[in-house]
Amino acid sequence: MTYQKTLLILIISLLSTNLIFINAAHARIKLVTLPDRDNTTVRLDNPQATLVEEERILNLHKGVNKVDFSWKGVHVDSDSIRLKIIGHPDKTRLINVSYPPNSQSLVWDIYSPRAQQEKIRVSYLLANIDRLVTYEAITDKDETKLDISSYMILRNFSGESLGPAMFQLDYGQGFMKSINDGESKRMLFYQANQVSISKSFTFDAGKHPWEPNKQDTNVGIPVHYELENNKTNHLGKHALWGGKMRIYQDDGRGGSIFIGEDKPAYTPINQKMKLYVGDSRDIVVTQRKTHHEKKNIKRNRKNRIILHDEIETMQITIENFKDKAATINIIEPMSGEWEIIKTSHPYTRKHHQQMEFTIKLPAKSKETLTYRYVVKNVKTI
Amino acid sequence: MRHFISTALLIFGLGISNSSYAKIDLVTVPDRDKTQLTIYNSADLTLVREQRTLTLKKGLNRLEFGWENTLIDPTSVQLRAPRHAAQVRLLEVSYPKGVKGSAIWTIESDIAGPVPVEITFFTSGISWHAFYMGTLSKDEQHLQLQGYVTIRNYSGEDYQNASTRVIVGKIHLLDEIAALARRDAPYNRPDGTIGRLPMTLASGAMKRKAYREMDKAEERLSMNDAVAAKSIIKEGLSEYFLYTIEGTENIPNHWGKRLPSFNIKNIPIRNLYRFEVERYGNATHRLIYFRNDKKHQLGKEPLPGGKMKIFREIDSEGHLAYTGQVHTKYIPVNQEIELDFGQAREVKVEPVLMSEKTENYQFNSKGNIAGFDRIQEWEIKLENNRDIPVDIEVWRHFHNAYWDIDNSVDNKGKFKKIDIDSVKYTIELPPYSKTTLAYVLTKYEGERQNRR
């Protein structure tokens with residue numbers, strides 16, 4: 001096994017206990033052993049940093065032993081290095097740590113009451129090693145179900161090759177893997193089939209052009225899938241990590257087409273994951289302001305208007321050129337002290353600056369939505 | 001066959017030598033049995049699906065997959081055994097350090113012997129686009145429309161006997177496939193630095209040059225169709241439209257192909273001239289309309305956006321004159337198509353402001369002007385200098401939500417309010433004739449907007 005190239009532990013034995021106070025440089029005389037790494041655990045639960053814990057058996061002499069730990073060329077966070085004595089924690093003691101100048105190393109002074117084998121655990125944060133999660137998903141022809149495969153990608157550019165090590169995630173059993181420096185590995189993580197999805201289209205009056213026929217290029221209406229991380233969907237065992245998801249659709253001829261990719265956010269259990277798949281050009285939304293007036297004008301003593309209400313009417317025409325029914329969300333940004341006077345369709349107040357309509361439109365149909373609203377107490381200063 | 005996906009079986013070595021992928025007992029895998037290309041046009045993306053037969057042994061099998069000098073996205077590669085899905089699993093894909101353009105697959109198999117597998121991946125460098133040729137009848141009342149699908153391959157790979165599909169639709173992609181193909185670490189590095197492989201021959205300037213040459217070749221090609229035209233099967237999937245070209249195609253690297261998609265004669269069209277200062281400036285634009293529906297002998301499929309060259313028949317012998325080139329948008333089934341031929345010389349629209357006066361002044365407490373009415377008399381002069389009758393739309397935007405309009409009696413039936421500050425007039429004008437639209441527009445300024 002040659003994986004241990006750069007991260008070294010050397011034990012320096014001392015000639016006599018009288019030399020305890022001798023300068024460390026002089027004391028590095030004799031290499032006693034080069035202990036192999038054992039029981040390595042790589043914790044990938046924190047996306048900011050990867051914690052490595054490794055156990056080693058040291059052959060200690062009676063008295064103070066100098067144990068040299070160096071990490072030349074390895075992305076070890078030197079402040080994070082910890083040593084734990086496991087074998088005889090009450091008798092064997094770490095008494096001092098020193099840092100030789102200009103080197104990526106440290107020296108532990110370990111006192112041992114007798115010549116013995118001692119088990120220690122070294123832990124440190126290792127940078128440039130992490131995991132990613134990606135997803136491949138395939139939906140049926142009707143776009144109601146999704147079969148999801150999740151992959152774990154291990155990336156190791158830490159400068160250190162890891163022999164068989166236990167990789168531990170934030171839940172569940174860990175797994176044993178070897179990964180060399182500079183290597184990336186993709187592994188099947190889990191699969192969930194027949195996950196229910198709902199598909200919707202979203203027009204946002206604050207983002208999309210109101211008159212698509214006056215644009216030089218088609219206005220795409222974003223298409224989303226939504227799924228819930230729950231047991232009914234054969235998920236819900238753990239949070240779904242964010243990562244690139246590539247979505248395909250069964251073409252009904254034994255193959256598939258790729259329909260889009262997105263990077264969903266981290267989705268806890270029982271929460272919804274929203275995926276932006278692509279843009280539809282078969283849904284066309286045209287919005288127009290058809291009425292505007294000022295009401296309830298209040299004037300000051302100089303006869304200047306200081307306060308008024310504004311009444312406006314909006315007309316939104318939604319055309320579905322698809323041969324399938326479609327659910328379309330219409331997002332309308334609102335401002336000020338707005339109140340709806342009348343709408344042709346039910347709406348939801350999302351927050352103080354937004355309302356939303358959800359309209360189900362049959363295949364090949366057209367519908368016109370109108371709403372009349374007042375913005376109260378518009379101030380003129 | 002160029003560099004493509006070289007696959008070689010490696011006998012799985014001793015369990016512990018995970019770190020060194022020694023190539024012991026190299027077994028060559030047979031060529032692909034079948035290839036299917038699904039080419040997108042909204043992004044530089046092609047989904048390749050190939051079928052091969054692997055000879056597997058029970059237990060773990062190691063396979064090397066190489067893509068050097070191609071434009072393949074290594075993260076997209078997937079392997080499935082459709083007939084043995086439960087027995088054959090791709091456990092792990094490893095991208096070792098310093099090995100350019102190759103990965104090691106670990107496949108677990110419960111069966112021994114030949115197993116048909118499907119390998120799918122994305123490549124960049126293959127593109128397609130729609131191209132149209134339109135021929136107007138002499139009276140400009142009908143259009144012959146020919147649609148084509150043009151495929152070009154600059155992927156670095158020859159595709160032989162490939163069944164070919166092209167897709168219309170606007171796909172959402174997070175990364176360009178061409179950029180993924182050039183990464184030295186397929187998933188990048190944890191610290192975010194991006195390593196890139198040197199550009200391959202199929203990229204960059206070479207590619208652009210080749211595209212230019214293709215364009216020229218295409219112009220020369222454009223008047224002739226293939227001798228035996230292949231049929232194209234068309235179907236909708238999700239927000240996409242799929243054209244499957246009958247049979248298989250050979251598309252060598254750096255080659256292009258044009259396939260006729262449809263040829264429809266006698267589509268009734270509507271000619272329209274439009275004047276709208278805010279959109280076109282002071283020019284009248286010439287437009288042609290027809291609907292993508294059964295009535296117009298269309299409506300079977302959406303029409304992908306593309307370049308359209310329009311000609312006009314000028315005599316009974318079918319001699320042609322070139323009218324112009326337009327870029328069409330994607331047109332869903334049942335939607336009306338608008339083709340904008342730009343400035344028209346023979347149909348003129350000129351808005352003339354005949355008089356302007358102000359009235360009804362209001363003053364504030366300091367004696368300053370607080371509001372007034374602006375009264376404008378407009379005459380819109382229209383001229384048709386063509387030998388055929390034309391429809392003209394005149395759009396006027398007032399940039400003010402407070403106005404009244406007094407149309408002359410002659411405008412009856414021609415006027416329509418569009419929204420709070422826009423109106424439209426629609427007029428049919430006989431050959432070689434003139435007319436005038438007259439109206440008085442009152443715009444309310446300042447305090448006058450609050451009149452009761």
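This is a predicted model: local features need pLDDT of at least 70, side-chain atom pairs count only at pLDDT 80 or more; totals for chains, interfaces and linings use all residues.
A charge is taken to sit over a ring if NZ of Lys or CZ of Arg is within 6 Å of the ring centre and within 35 degrees of the ring normal. A second case is found within chain A, where the ring of Trp338(A) has the charged end of Arg349(A) over it, 3.9 Å from its centre.

Rings also meet one another. Over all chains, the structure holds 25 aromatic pairs. One of them is formed by Phe65(B) and Phe121(B), whose ring centres are 6.4 Å apart and whose planes stand at 65°, so the pair counts as edge-to-face; the cut-off for that class is over 60 degrees. Phe65(B) belongs to strand β5 (residues 59-66) of chain B and Phe121(B) to strand β9 (residues 113-123) of chain B, so the pair ties together parts that lie 56 residues apart in sequence. Both Phe65(B) and Phe121(B) are buried. In chain A, a single aromatic cluster is made up of Phe69(A), Trp71(A), Trp108(A) and Tyr124(A).

Turning to the strands, chain B has an open sheet of six, with the order β22-β19-β18-β25-β28-β27 and mixed pairing. At its edges stand β22 (336-343) and β27 (415-419) of chain B; each has a single partner strand, so one side of each is left without a neighbour in the sheet. From one strand to the next, the twist averages 25°. The partner of β22(B) in this order is β19(B), a strand covering residues 284-291 of chain B. β19(B) and β22(B) run antiparallel and are joined by six bridges. Across this pairing, Tyr289(B) stands opposite Glu338(B) in β22(B).

What does the side chain of Glu143(A) contact in chain B? There, a polar contact of 2.8 Å is made with the side chain of Ser238(B). Within chain A, the side chain of Glu143(A) makes a polar contact with the side chain of Lys199(A), also at 2.8 Å. With neighbours within four places in sequence left aside, the residues in contact with Glu143(A) include Ile197(A), Tyr225(A), Gln249(A) and Ile259(A).

Methods. Residues are numbered from 1 along each chain as its sequence is written. Chains are lettered from A and ligands numbered from 1 in the order in which they are written. Side-chain values use heavy atoms; hydrogens and water are left out. Rings of Phe, Tyr and Trp (its six-membered ring) pair if their centres lie within 6.5 Å; planes under 30 degrees apart count as stacked, over 60 as edge-to-face and the rest as tilted. Helices (H or I, at least four residues) and strands (E, at least two) are DSSP runs, numbered from the N terminus. Buried means under 20% relative accessible area, exposed over 50%, partly exposed in between (1.4 Å probe, protein chains only). Two strands pair if DSSP finds at least two bridges between them. Axes are lines fitted to C-alpha atoms, for helices over the stretch in contact, and angles run from 0 to 180 degrees between N-to-C directions. A polar contact is a pair of N or O atoms within 3.5 Å; within protein, one must be able to donate a hydrogen and the other to accept it, and residues adjacent in sequence count only if both atoms are side-chain atoms. Contact means heavy atoms within 4.5 Å.
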